[in-house]
Amino acid sequence: MTSQVSTEREPTAAKDVRRLERVVIRFAGDSGDGMQLTGDRFTSETASFGNDLSTLPNFPAEIRAPAGTLPGVSSFQLHFADHDILTPGDAPNVLVAMNPAALKANLADLPRGAEIIVNTDEFTTRALQKVGYAADPLEDGSLDGYQVHPVPLTTLTVEALKEFGLTRKEAERSKNMFALGLLSWMYHRPTEGTETFLRKKFAKKPQIAEANIAAFRAGWNFGETTEDFAVSYEVAPASQAFPPGVYRNISGNLALSYGLIAASRQAALPLYLGSYPITPASDILHELSRHKNFGVRTFQAEDEIAGIGAALGAAFGGSLAVTTTSGPGVALKSETVGLAVSLELPLLIVDIQRGGPSTGLPTKTEQADLLQAMYGRNGEAPVPVVAPCTPADCFDAALEAARIALAYRTPVFLLSDGYLANGSEPWRVPEVEDLPDLRVPFADGPNHTTEDGTEVFWPYKRDPETLARPWAVPGTPGLEHRIGGIEKQDGTGNISYDPANHDFMVRTRQAKVDGIAVPDLEVDDPDGGARILVLGWGSTYGPITAAVRRLRGIGHQVAQAHLRYLNPFPANLGEVLRAYDKVVVPEMNLGQLAALIRAKYLVDARSHTQVNGMPFKAEQLAAALKEAIDG
Amino acid sequence: MAETTETAPHLLSLVPKAAGKQTMKDFKSDQEVRWCPGCGDYAILAAVQGFMPELGLAKENIVFVSGIGCSSRFPYYMNTYGMHSIHGRAPAIATGLATSRRDLSVWVVTGDGDALSIGGNHLIHALRRNVNLKILLFNNRIYGLTKGQYSPTSEIGKITKSTPMGSLDAPFNPVSLALGAEATFVARTVDSDRKHLTEVLRQAAAHEGTALVEIYQNCNIFNDGAFDVIKDREQAQEAVIRLEHGQPVRFGADNGKGVVRDPATGDLAVVEVTPRNEADVLVHDAHAASPTTAFALSRLADPDTLHHTPIGVLRSVERPVYDTLMARQLEDAVERQGPGDLGALLAGGDTWTVAG
């Protein structure tokens, strides 16, 4: 068990090896089977091997739904390739089904000819009945046309661990590592990282660590020796796809957390997070709470309102203030967002969107909070909106949202979603010295001379260029002032109910947001002759780009543009839209961006929408776009 | 992780001192005070402005945060930093400010509707966390700014615009509520008693952690005379129980009444003091570790007649302060992990290199 053989394993040449350009694998099992961990490990092995990759974890909201049932199925899909890829893949080439429920829940997504590895130990009469199988699908011919590998995963795992003196139940828990070992053999994945990971994860339980490693190795050896697996596959590193640099695999929520820490450092301001746990945003709270040595304060509040309230209080005190949440939380925070608009203080509102309305689909993705972010407040309360387009892009988008918040003294929405949050991809680690400088000065003295020549401080006297008001933090002598949610007089900030002043202030707050400097929208149209534009925003970037590539591959000219700034829109957006005969807007909502651009630019944009809690599939999206081209 | 109160400097020492001597005038802003003539808020404002110079803190390091309601206009009249926020949320906003800036003296001004109705959740959580905030709860037992609906401290059966047949809900006793919410400092005082009010403010300011001060405040427009029984010299003899730490709890004409513990139930009762029971009269201990007796004292008050209403400091105990603990975790993290290295953080985890 403590043998010091090399942990790096290479398949022998005895078996047939085939080269593949890309593979989509889906691990599926009970919520308690450790499928997310298995997927994460396979992803790490794949990342360290140098493939491009994209992942799609998919799990129920229940922590442990009843075992063996369809609602309890948890899955993890991974797409990896020797070239650059954009999505987690439409359909798996390989399904690992740990029980009948996992098979039944996922079979419809599999193309004929796909490989299915099933844990035959779980295909008992009772388990089959539980999910409504009248007959055993492994025997009734319903899986003809698939390459089925029946493997008694549980039995083999228990057998492999019999020397460890574990109970049968304890030993069975390592069956996911057996499956991981088998798949690692099949796809020539490096194994060292997983063994190191297991030793670290179970550092306090070395016996469990070694048992998991033994199960992992047993799975690998099973592939190597059993005749059922005659072929293994190689997917070469995607060396052409990546510019030189140091890379790591990163999920959207981790990238976003790092982006916030980086923004704090680049702004030379302490980071303050006021938050209330909510799926799928909680991981940002967890991550930031681990980095207190960066001066990060994380405050788990009594509710969503207090989360943003504390953040706003910290912003008043001169912190880079953030609140993280999902759609239902945004609804609760709305009044405080309005206060932040009125106070004109920097504040980041991170919304990891999920299926709605109400509680909706907590663990599934959707883009249906765009209009809530744009308009979900009383009165005229404009808030800038920034949306990342890939998991790794969450890092840059966080820095950009912070730049806008700080420079313009405004709350800013950062709209990520469940797909970006939990999905992952390779990320080129940036050099710290290349990060943008986000520092803004605090007010430090009077900024106005009254008619009688007195030097005074006016909290609402604006920078003529940005229209930002001064940020005067408590502790600065001579700048004592009072701000509030009541309308205030231009300049002095004193309470004012004057009609003309209110009209002026409403328009000025709008003008400030409208005037935020954002880069022009870039259009991708390689041939320059496209008459149709596909416009997206946020996490649909991957599927849209993949779909557009397919269409170009079959000879269509299609232009593509993707919005990072939803408020304000890039200055050239109207011009871009008017340059095409047709504009198609795919969204994971019922057409919210389409409604915005139709209203603002009077362009007959067509919506293509999907709200099934999952990202678009490239093939289906390509078909829909083709219809738009032909129609 | 107990706070070493013996050696740690007093939290007030983290707030910079004023350069010179201050007067009440230094704390008056240039804004015209816009409460109704005769409102109790004027007296409280004057008492706070008059007390502030005594603290001797740099006024730029003092912040008043309020919610919504008549009382919440208070920050506009203080020549310090201030925020008039939204309904009920002042404790949450002040928590963010106080926990991120320990060099500030942060005060919350709120009312019975703001603190106990729409903002009840934030109030109880601030108290249990023991954030370093001084919360002044102006209780007039009515909604003033919305023109006269009953409030969560109004007596049952209150006839108001929204309850023409009488209100149905039992009122909160703010002091009882605060004690139940793990408050470390709870006091009650009255707008018109400047001396008592100032003494309570003094003790609240010196307290490390959250201090809740309930101030009975007369709304002469919508609930005039609500506290007359406490303010009228003669009636007050029956109504008010003045608490002083270390003193027997006695009141009434010639201190003829006292509070004793019922040995059977442990509850408190008001009795005529006689030579036989004089030794049994409760001696007030504001520093008692258990809030039980303070709570029992708070329950002596009759919500309808206000008879036997205790005023003064009911509870003042030491408990680790949230802000201090939070700051210490940051220091500990630096000690354990070293100061944050962004480059190392970003390049952490499993990495691989793509060569040029």
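Predicted model: local features only at pLDDT ≥ 70, side-chain atom pairs only at ≥ 80, totals over all residues.
Two strands are taken to pair if DSSP finds at least two bridges between them. Residues are numbered from 1 along each chain as its sequence is written, and chains are lettered from A and ligands numbered from 1 in the order in which they are written.

Within that pair of strands, A:Val246 stands opposite B:Thr353 of β12(B). The two strands belong to an open sheet of 3 strands, in the order β16(A)-β9(A)-β12(B), with antiparallel pairing. From one strand to the next the twist averages 35°. Helix α1 of chain A, residues 35–49, packs on this sheet and touches β9 and β16 of chain A together with β12 of chain B, its direction making about 165° with that of β9(A); axes here are lines fitted to C-alpha atoms, for helices over the stretch in contact, and angles run from 0 to 180 degrees between N-to-C directions. Helix α9 of chain A, residues 252–267, lies across β9 and β16 of chain A and runs at about 115° to β9(A).

Now to the interface as a whole. Here 54 residues of chain B are in contact with 59 residues of chain A, contact being defined as C-beta atoms, placed from the backbone, that lie within 7 Å. On the side of chain B that touches chain A, the elements that give two or more residues are β2 (81–84), α2 (90–100), α4 (120–129), α10 (322–337), α11 (342–346) and β12 (351–354) of chain B. The largest share of that side, 8 residues, comes from α2(B).

A second sheet also crosses between the chains. In it, 3 bridges join strand β19 of chain A, residues 482–484, to β2(B), and the two run parallel, with B:His84 in β2(B) as the bridge partner of A:Gly484. This open sheet has 9 strands in the order β19(A)-β2(B)-β1(B)-β3(B)-β4(B)-β6(B)-β5(B)-β11(B)-β7(B), and its pairing is mixed. Its edge strands are β19 of chain A and β7 (240–242) of chain B, each of which pairs on one side only. Further in, β1 of chain B, residues 62–66, pairs in the parallel sense with β3 of chain B, residues 105–111, over 5 bridges, and B:Val63 stands opposite B:Val106 in β3(B). α2(B) packs on this sheet, touching β1, β2, β3 and β4 (133–139) of chain B, and its direction makes about 180° with that of β3(B).

Which residues touch the most other members of the largest nonpolar core? Of its 263 residues, they are A:Leu312, A:Ala398 and A:Ala402. A nonpolar core means a set of buried Ala, Val, Leu, Ile, Met, Phe, Trp, Tyr and Cys residues joined through C-beta atoms within 7 Å, and a residue is buried if 20 or more other C-beta atoms lie within 10 Å of its own, exposed if 12 or fewer, and partly exposed in between, with C-beta atoms placed from the backbone. Leaving aside neighbours within four places in sequence, A:Ala402 is in contact with A:Ala263, A:Ala267, A:Leu320, A:Leu348 and A:Leu438.

Finally, some local backbone features. The peptide bond from A:Thr279 to A:Pro280 is cis, with omega near 0°, and A:Pro280 lies in the loop between β10 (271–275) and α10 (282–289) of chain A. The bond from A:Gly356 to A:Pro357 is likewise cis, with omega near 5°. B:Asp254 has a positive phi of about 55° although it is not a glycine, and B:Asp254 is exposed, with 8 other C-beta atoms within 10 Å.

Terms used:
Contact = placed C-beta atoms within 7 Å. Helix = DSSP H or I, 4+ residues; strand = E, 2+ residues; numbered from the N terminus.
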